[in-house]
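Here are a few exercises to work through with the model open beside you. Try each one before you read its solution.

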Amino acid sequence: MRLRAVPATPATVEADVLAVPIYREDAELRGDIAELDAASGGAIRDAIDWGEFNILEHASALVDGGDLPVDRLLLINAGTRGRGAWRARRMAAVATRRLNGRGAQTLALWLRDGEDRHAWSAAAAGAVAGTYRATAIYGRVRDTEAMARAVDEVLVLGADQAALDEGTVIGEGMAFGRDLANRSANDLYPARMAEAARELEADGCTVEILEPKEMERLGMGLLLGVGQGAAHEPRLIAIKLPGWETGDDRRLAIVGKGVCFDSGGISIKPAEGMGDMKHDKSGAAAVIAAARTVARLAPETPLMAVAPMVENMPGGNAQRPGDVVKALNGMTVEVTNTDAEGRLILADAMTWAEREGATHVVDVATLTGAQAVAFGEQVSAYFARPRDWGERIGAAAEAAGEWFWEMPLVAEYRTSYDSPHADIVNSGSRDGSLIKSAVFLGEFVTVPWVHVDIASTAYLTSDKPYGPKGATGSAVAALVRLSLDFAAGG
């Protein structure tokens, strides 16, 4: 897909389809939307009056373009104004997704609001994301040629071309991460994820893979313990951009939880929804995809992506509740719940990243069901120490068109992890478990650190107007923006 900035106005642009955001306050069709409706000969008002589009009911409506030099208008429910980059990305995704399988080749996109460089970049990423098809990974016999059609070119009215170019690369990176997250557990197990990471060598990255013997020599007891019951052995993937070695006193490590399949282990999960547990590697997919994207945009960034990869299975040699394991940092951990495995592999990975020279760390993980209960599918939770480092990723997410929300890191909850046999247990009481999971992770990192929980934003459990069922590419764009800002000294 090509994204092109054009100086045309909504009433004069020539395209197959013109996407028009409709806000809740547009019920009376005033101002710019009224002017466009008049130029169309009343096509927008007719669609609303006929009931083809209702802001309270419909995500989008494809209607005749009337007197405008476009064949059709795509009316998009834009909700309420605000969150410019987030809304731009969402509207662009809805627009291109709505046209999948149809005959439109060119789409003109009018944002109407939040028109700045970040909004243009986010819109480009969203436009690319809207054309994503999870079915393309393995293919389906029943898919026809017509079903595979998508918009070839998006004309973004009044945009900055450089911002569109950047957003296109980010959107392509998100698609790469979505493919990794969507691949099935029998296809993408730890060793296969390591093979996929090797592809980044073509982008100038250095890729290091730690296998079990090396991890055992180093003392990664937490990571190895989680994976010991699976037929597929663990791996630790480290991807260093060219700028990692030349960085002076600032190096950023992004660490992603990589559980290729999470049965819960001995503390086995309910059968319902277990098929979605192939997405428990979404954090790892996000950091690998972000590293590839940054390598293509700014290879001199002092960035390393670290992905601890395991399968959490209830095999004959599986970790048991009550087992005590030793972390890379020397702490002993009593495993009270084998389904609280993500924090264990992240703990060893973050310690290793620090030893490799990381001065700042961000971890990303589908960590807790409590995050989904608290925030739903739209918002990711984050925790920070110190808080000003968290403000940096919050700002990066906002600029990238993602929605992150800070949660308190309550040190007083540390006592809920006390163990009579070890330094710490891996699972405390359920009350406040979203916060407590971050408190646990905080025991294994000493540099400025942010933990991002994407449990509910990493994948969709059903089709939505802005994306198909499956991986969303959550956190990729935010990590890219943070890395670019970090490289610039921000």
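A pocket, as used here, is an open set of grid points with protein on both sides within 12 Å along at least five of seven lines, and its lining residues have an atom within 4 Å of a point. Please keep in mind that the model is predicted.

**Exercise 1. Describe the largest pocket: its volume, its lining and the elements that build it.**

Step 1. Start with the space itself: the largest pocket has a volume of about 1,000 Å³.

Step 2. Turn to the lining, which counts 39 residues; Lys 269, Leu 367, Thr 368, Gly 369 and Ala 370 are the ones nearest the centre.

Step 3. Assign the lining to elements. Two or more residues each come from α11 (342–355), α12 (369–375), α14 (433–441) and β19 (459–460). Of these, α12 gives the most, with four residues.

Step 4. Sort by class: twelve residues of this lining are nonpolar, 15 are polar and twelve are charged.

Step 5. Now look at the second largest pocket, with its volume of about 500 Å³. It has 22 lining residues, and Arg 133, Ala 134, Thr 135, Arg 140 and Pro 468 are closest to its centre. Its lining divides into six nonpolar, eight polar and eight charged residues.

**Exercise 2. Find the largest cavity and say which element gives the most to its lining.**

Step 1. There are five cavities of 30 Å³ or more, and the largest holds about 380 Å³ of space.

Step 2. Its lining has 24 residues, with Arg 89, Arg 90, Thr 457, Tyr 466 and Thr 472 nearest the centre. The elements that supply two or more of the lining residues are α3 (84–98), α4 (117–130) and α5 (161–182).

Step 3. The answer is α3, which contributes four residues.

Step 4. By class, the lining of this cavity has eleven nonpolar, eight polar and five charged residues.

**Exercise 3. Which residues of helix α2 are buried, and why do they lie on the same side?**

Step 1. Within α2 (residues 43–50), the buried residues are Ala 43, Ile 44 and Ala 47.

Step 2. They lie on the same side of α2 because they cover an arc of only 105 degrees around the axis.

**Exercise 4. Locate backbone exceptions in the loops.**

Step 1. Recall the background: most residues other than glycine have a negative phi, and most peptide bonds are trans.

Step 2. Leu 29 has a positive phi of about 50 degrees. Leu 29 sits in the loop between β2 and α1 and is buried, at 9% relative accessible area.

Step 3. Ala 475 also has a positive phi, near 80 degrees. Ala 475 lies in the loop between β20 (470–471) and α15 (476–487) and is buried, with 1% relative accessibility.

Step 4. For the peptide bond, go to Arg 385 and Pro 386: the bond between them is cis, with omega near 0 degrees. Pro 386 belongs to the loop between β15 (380–385) and α13 (387–400).

Note on methods:
Residues numbered from 1 in each chain as written. Predicted model: local features only at pLDDT ≥ 70, side-chain atom pairs only at ≥ 80, totals over all residues. Heavy atoms only, no water. 1 Å grid on protein atoms, 1.4 Å probe; cavity = no way out; pocket = protein on both sides within 12 Å on 5 of 7 lines; lining within 4 Å. Points joined across faces, edges and corners; volume = space filled by probe spheres on them. Nonpolar A, V, L, I, M, F, W, Y, C, P; charged D, E, K, R; others polar. Buried < 20%, exposed > 50% of the residue type's maximum accessible area, 1.4 Å probe, protein only. Arc of directions from axis to C-beta.
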